[in-house]
Every structure is written in structure tokens, then in C-alpha cells.
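Walk through this structure one region at a time. Keep the sequence and the 3D view open side by side.

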Amino acid sequence: MTERAGDRGAQPLRAPQQDRPGESGGREVPSLKVEGTGCVPARTTNVIVAGLGGQGVIKASDILADVAFRAGKDVKKAEVHGMSQRGGSVTSDVRFGDHVESPMIPPGEADYLLVLEPSEVEVTRPLLSKTGVLIPPDLVDERSLPNRKSLNVALLGALSRHLDLPEALWLEAVKAALPERLHQVNEKAFRIGRERAVRP
Amino acid sequence: MERRLLSGDEAVAAAAGDGGVHLGTGYPGTPSTEILEAFSRLGGRAQWAPNEKVALEVGLGAAFGGARALVTMKHVGLNVAADPLFTAAYTGVSGALVVVSADDPGMSSSQNEQDNRHYAVAASLPMLEPSDSQEAYDLALAAFELSERWKLPVILRMTTRVCHGKSILTRRPAVAPRAPAFERDIPGRVMIPAYARPAHRRLRKKIEELLAWAEATPLNVEVRGGRALGIVSAGIAARHAREAAPGASFLELKTLHPLPVERIRAFAASVERCVIVEEGDPFLAERIRAAGIAVESKPEPFRFGELDVARVRRILARDTSPEPEAPRGKPPMLCEACPYHPVYATLRKLDCIVAGDIGCYTLGVLPPYQGMDTCVAMGASLGVGLGLRHVLPEKDARRVISLIGDSTFIHTGVNGLIEMVYNPPATGHVLVVLDNGTTAMTGQQEHPGTGRTMEHEPTGKVSIEGLARALGVKNVDVIDPVRDPGGWEKLFVDRLGRRELSVIVARSPCILAAADIRKWEKAAAEKAVVSIGGRG
């Protein structure tokens, strides 16, 4: 499959000048990006982060997406905000690979499901593929964390064992996402989570 | 240029920054809210308007003055702004005016899933729609260029997954737009019938020119795959389709209005089976069929809710078997420490008929309170409550109240309050304004009643109780239902018992915003002291 030359707008766009007498030369409207080769996309890694509003679901998925981005992958992420601060269920989809099209993970096709809230495990389990890996909230004992609010980062630590993304990038992304006063506790939480998970 | 991982909303803000937008305005509404907030963080001049109509008018004025203006709102906000929108198509603009309509298919946080693509046709305005953050950025910049070139407002239509989804974006070098300047054009901007008649013809001429442009523009993307299946799509549906049928040929439309029908005709003729894949109403399918092009479109069940890759696969497979139900999680609810709890407890106890409104407090409709009987549109609690009072038997009419939040009251509730004074029901009426000092639902934005700008700096403050008194409402009271729940209930029972017009402002800060509000108030007080000291 090949993409037509200029399909993504290699040429600048100009309005028909003959119709606009008196107007000084047409300014270029920016053209759209030229996408990859248009080949069948290589395998995409699909991760869903789930929990309740206020638990840091979106923060965790932001960090994960940033790690993949720093690692040079194509990344897309989708979620629904709005009601998320009112304690309702929140899920966030992160997809990365050589080329990602849809930002949403088709139901039953998640490779990893990271859940921050025990009551959400069964609710979201159908989103996981048959061979997918569940990272449940009780994988890490909250009491072992310097701050219980870091459970999201601890579970990312566990997830990091499964993904081929350099550990240094994880720590960079965690720091980039949080204010400096929270760096130490979250770095520790990440390491605790990473130690709890055993690489498959 | 630097590559970054940004949401579609942030991408539009970046385009506004790089496109030299002079003024951004709008009213908060999921999923559009973050655009202006991000533009402000980038150093752009951004402000919240009391409602979308005012925002569009401010943007139009700026564009009459030769500026580049960005106006943002959610889909239902465009209903509020529709009045100036339709005539702004006649007047056109001198600078550039881009209106973002952020639609919410699937209603993640909205009262309906109206498809605002219809507005582009109804108002005769160009509309562009991106499918990811890079396109949101590129098309926002293209929209400013188009608006300047054809001197028309341009609608940039986005949807929840594009607004809130994140993907990788490369920015372009910033441009410096022309400096604003006023040029008188009375027949072009004063829409009395004598001037509006030729303006209508001018508009249709521009749309004809834009159609020729749309047929040729490389903004619309064609991907040549197999001949067996061709897919015409737009917006986020295009991303799902590319994944669902990687071997097919694709025509991805970015110009939704005017629609490049001849390009679509040629594409459809080049494939054996041509399917329209779109979210929401069959907007593209109906127009394409009306042009006499034989295409297949989605079955009716796919009009409802969002599409995703799995649903697009079903559309392509003509599979109309029942779809698996999405996981049902925990619904959102009033925060445990929400100041509205005492109010809902009283309403339930007294079995009031509650004409409600839109905001966090709408969550009071859920158990345990089930404390709302109607919720239709921003500000509708007043009119609906008054209508009920006018017609119900007296016993029931006297149980009717209107319940509205502070930001929603300022938005369009105040119009209903004028109606209450002008056409008072025989039994009187009670309006309760739940004033938590912020636009809580959309993430704690400021509004005219808080007396702070988008950046939380002190500015003019509109007093809700002052407005009610000035309008001539007989009983106007302010009470804190959290500090004095007994006093609140006593006051409410008394006002409900009178055959008079009453406004009760139940004022207590949003629990999520309270700490920030204290911080901003303190900063403002310190600044005031400094400025007094400076003068002294």
C-alpha cells in the first residue's frame, strides 16, 4: 500500500488568486504532516489505566505516554475527563509502537490493564485481551509506600518490568510530571513497584 | 521544530500562539475548556466570557478590528452563540475569526450528542475537522488563513477524543499577523435588510469559491490501497477506519463544508465498494448520496455513541448483531464534602419539584437525593420552573423551585430572573443559587461572579444578590448552608411558604476549589495593600 505523493499536503495551499484581485500574494496555509509509509502498522502496545476519579489515573497514563514518547515511539492516548474529579470510574488508553492510528484501544485488546481501585478490577477486566496482563492494585501494599497517593506510580513501576522501555526514561517522565517536592517519594514508589513485579 | 506529545486542545492553543491570535475567548465546556487555559499559559491573551454568545460577539468585534480571534465552546454552546454566528456569516470579518465547536459524541459530559457539522451548512460557513493533535494544530492554522483570505468566520469542529486525546505534534515557526486597525464598512457590517440582501449573495459566492478550493486542497488526504474497499471518513472516525481496514483505500476529509463532492465522486468510482465511516449523524452520507454518488453508510445503531475500531469493523462487516455492553463503572457523584448536601437534604425532605440546571449539582439527581426533576439547558431552570408554576394546581405549584449554580446563573440564568420579575407566577417563585464560587464541573474556572480573571487576577465582580435586588426581587438572602444548615432550612421553608418572589444565594466554596480560592484572595489582598502603600 502506498500513499499518494502529496497526499498529506506536501504542497502549500493557496487560494485561487485570480478571484482575489487587489490582495497581496497569497500566504501559505500550513500543510498537513507527511505520515509514515502507510504500510500496515507494526504491532502496537495497548495499555489501559483504570481507577476512580482523584486516584491519579490520568497522571499515570500521562507518565506512561511520555516514557514511550521519550523512547522515540509513536504514541496516542485517549480518555474522558469532565466528570473525572467526582469519584466516578475513569479509564485512560495509552497506545504506542512504530505507528498508531486510533487513540482508543478496542475492547478486549488491551495488552496490559493497570487498575488502581479494587472495585474496578472486575468492571474493566473485559477490556483485557485473553493473553493480556493484569496489574492489580494489591500487587503493591499501599502501606509499603512512602505516600499512599503514589500507588499510581508504584503500579507503573510494576508495569515497567513488562515493557521494553529504558528505566531511566521512566524516572525522567515521573519527575517531569510531578512537582519537585514529590520526586523522592514517587521515585521510591516506582522502585518498590518495579521490585514487586517479576519480568515475564 | 520541537516535537511534543500534546492533546488536541493544547494543539489548538499552540496554533493560536504560533498564529499570532490577538484574543481568545469562550465559555468553559467539556471537552473545549483546556484550549483557552493552555493558550493563556502560552502567554496568549485569553479570557472567559459570561456565555458563548457574548464570547462570539467579542471575537467578532476583534475580527472586525482586523485582529485574529479564537472563540471556543462545547457543542451546545454553539446553540447559545448561533444568533450572532449566522449573521456573522453575512458580515464576514476583516481579520480572522475561528470558532471551535467541541462536540461530545457519546455524551461523556453533556446533555445531548448533537452533531454540529449541521451548523456549517445551516450558517454557510467553512468547517474543518482534525483527527489528531497534529491535524488540530495544522487545521487551526489553516482556519486562520482561510478566515483571512475569504473574510469569513471558520468553524473548527473537534470531538472529545481529539480534544482530550494526546498525540505527537511538531510546531511551525510563529507568524506575526497584521496589527489590528479599524476600517469603516457600514454596508458590510450593519445588517439592515437593504445591506443584508447583497450580503447574503456575497456569502453564497464565497461558498462557491470555497467549494472550488475544497475540491483541490491537499488538506484532504487520499491513501491508495486495494480497489475492493474504499472508505470516506472524517475526524476521529478516520483514525479508527485506517486501523480497522489497513488494506483499503481511504479518502479522509478535513474540509467538511463545503464538501468536495467531485473528489468524493472520483474516489467512489475508483473502488468497488465505497463505505462512509462517520461518527454521529449520517451527515456525510446524506450529502454524498444527494449528489447521486452510490455509497454504503453505517446502519442506524451506529448513529448513537462514539465509534471505535471495533465498531468500525462491524460497520465494514455489515454486522448489526447486538454489541457487547461497555463496562459499567461507578458513576460520578457529589463530593463527600460538597456544600450542596444540606440544600439537597432539605429539598428532598420537603418533596420539592426542582427545575434544575447544568453543573456539578446536577449530580444531586442521583441517589440518595434524586433531587432534580428537570435539566435541559444552561439557565433553563428559571424558565422551566416558572412555566411549571404558571400551570400546575396551586398545591403543586407551591412546591416548585428553580435551582442553579453561580456560573450557570451568570451564563443565561439571569435572563430567566428577568422573566420571573416581569411575569411572576400567582404563587410567587423561589430561586436557589448554589454559589460555590467557581465553575466547578469543568475544573474550577473563574467567572464574572468570582471577581477574578482566567488567570485568577482581581477584576470587576458581578454580585448575584445585587443583580437580584436591582431587578426588583422582593426577598433576597445570602446564607451559608454548611456553616448554618438549620438557618438555611428555616429560611428556605419561610420563602417557600410566601406567595412572593424570592432568591436565596446558598454560598459556600467548592470543596475542591476552597484552598485555591483562599490563596487567590490572599494574593489579591496583598496586592491591594502594596498598591495603596505605593500611592501613600
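**A loop residue to start from**

B:Phe182 sits in the loop between β8 (166-170) and α9 (186-189) of chain B. The model is predicted. Is B:Phe182 buried or exposed? B:Phe182 has 9 other C-beta atoms within 10 Å. A residue counts as exposed at 12 or fewer, so B:Phe182 is exposed. Next, look for B:Ala67. B:Phe182 and B:Ala67 are 115 residues apart in sequence. In space, their C-alpha atoms are 9.7 Å apart.

**Chain A and its enclosed helix**

Now turn to chain A. Chain A has five helices and six strands. Read from the N terminus, its elements follow the order β-β-α-β-β-β-α-β-α-α-α. The chain has 200 residues, and 46% of them are buried. Consider the contacts in chain A between residues at least 6 apart in sequence: 64% of these join residues at least 24 apart.

One helix of chain A deserves a stop. The buried residues include A:Leu151, A:Val153, A:Leu155, A:Leu156 and A:Leu159. A:Asn152, A:Gly157 and A:Ser160 are also among them. What covers these residues of α3(A)? The cover includes two strands, β5 (110-115) and β6 (128-135) of chain A. It also includes the helices α1 (57-70), α4 (167-177) and α5 (183-196) of chain A.

**The largest nonpolar core**

In soluble globular proteins, nonpolar side chains tend to be buried together. Here the largest nonpolar core holds 205 residues. Which residues touch the most other members? They are B:Val98 and B:Ala140. Helix α7 (residues 133-150) of chain B supplies the largest share of this core, 10 residues. Zoom in on B:Ala140. Leaving out residues up to four places away in sequence, B:Ala140 touches B:Val12, B:Ala15, B:Ala16, B:Val98 and B:Leu156.

**Two helix pairs in chain B**

Two packed helices are described by the angle between their axes and the distance between the axes. Take helix α18 (residues 406-422) and helix α19 (residues 464-471) of chain B. They pack at an angle of about 15°, and their axes are 10 Å apart. That angle makes α18(B) roughly parallel to α19(B). The crossing of α18(B) past α19(B) is right-handed. From α18(B), the contact draws on B:Asp406, B:Phe409, B:Val414, B:Leu417, B:Ile418 and B:Val421. They meet B:Ile464, B:Leu467, B:Ala468 and B:Leu471 of α19(B). By class, this contact has nine nonpolar residues, no polar ones and one charged residue.

The second pair is helix α11 (residues 236-244) and helix α14 (residues 309-316) of chain B. Their packing angle is about 70°, with the axes 9 Å apart. So α11(B) and α14(B) are roughly perpendicular to each other. α11(B) passes α14(B) in a right-handed crossing. B:His240, B:Ala241, B:Glu243 and B:Ala244 of α11(B) meet B:Val309, B:Val312, B:Arg313 and B:Leu316 of α14(B). This contact has five nonpolar, one polar and two charged residues.

**Backbone details in the loops of chain B**

Most residues other than glycine have a negative phi, and most peptide bonds are trans. The bond from B:Thr30 to B:Pro31 is cis, with omega near 10°. B:Pro31 is in the loop between β2 (23-26) and α2 (34-41) of chain B. A cis peptide bond also joins B:Pro367 and B:Pro368, with omega about 10°. B:Pro368 lies in the loop between β14 (353-355) and α16 (380-391) of chain B.

Now check phi. B:Met107 is not a glycine, yet its phi is positive, near 55°. B:Met107 is in the loop between β5 (96-103) and α6 (117-123) of chain B. It counts as partly exposed because it has 15 C-beta neighbours inside 10 Å. B:Asp351 also has a positive phi, about 50°, although it is not a glycine. Its place is the loop between α15 (341-349) and β14 of chain B. B:Asp351 has 8 C-beta neighbours inside 10 Å, so it counts as exposed.

Technical notes:
Residues are numbered from 1 along each chain as its sequence is written. Chains are lettered from A and ligands numbered from 1 in the order in which they are written. This is a predicted model: local features need pLDDT of at least 70, side-chain atom pairs count only at pLDDT 80 or more; totals for chains, interfaces and linings use all residues. Axes are lines fitted to C-alpha atoms, for helices over the stretch in contact, and angles run from 0 to 180 degrees between N-to-C directions. Helices (H or I, at least four residues) and strands (E, at least two) are DSSP runs, numbered from the N terminus. Angles under 35 degrees count as roughly parallel, over 145 as roughly antiparallel, 65 to 115 as roughly perpendicular and the rest as oblique. A crossing is left-handed if the near helix is turned anticlockwise from the far one by less than a right angle, and right-handed if clockwise. Two residues are in contact if their C-beta atoms, placed from the backbone, lie within 7 Å. Ala, Val, Leu, Ile, Met, Phe, Trp, Tyr, Cys and Pro count as nonpolar, Asp, Glu, Lys and Arg as charged, and the others, Gly among them, as polar. A nonpolar core is a set of buried Ala, Val, Leu, Ile, Met, Phe, Trp, Tyr and Cys residues joined through C-beta atoms within 7 Å. A residue is buried if 20 or more other C-beta atoms lie within 10 Å of its own, exposed if 12 or fewer, and partly exposed in between; C-beta atoms are placed from the backbone.
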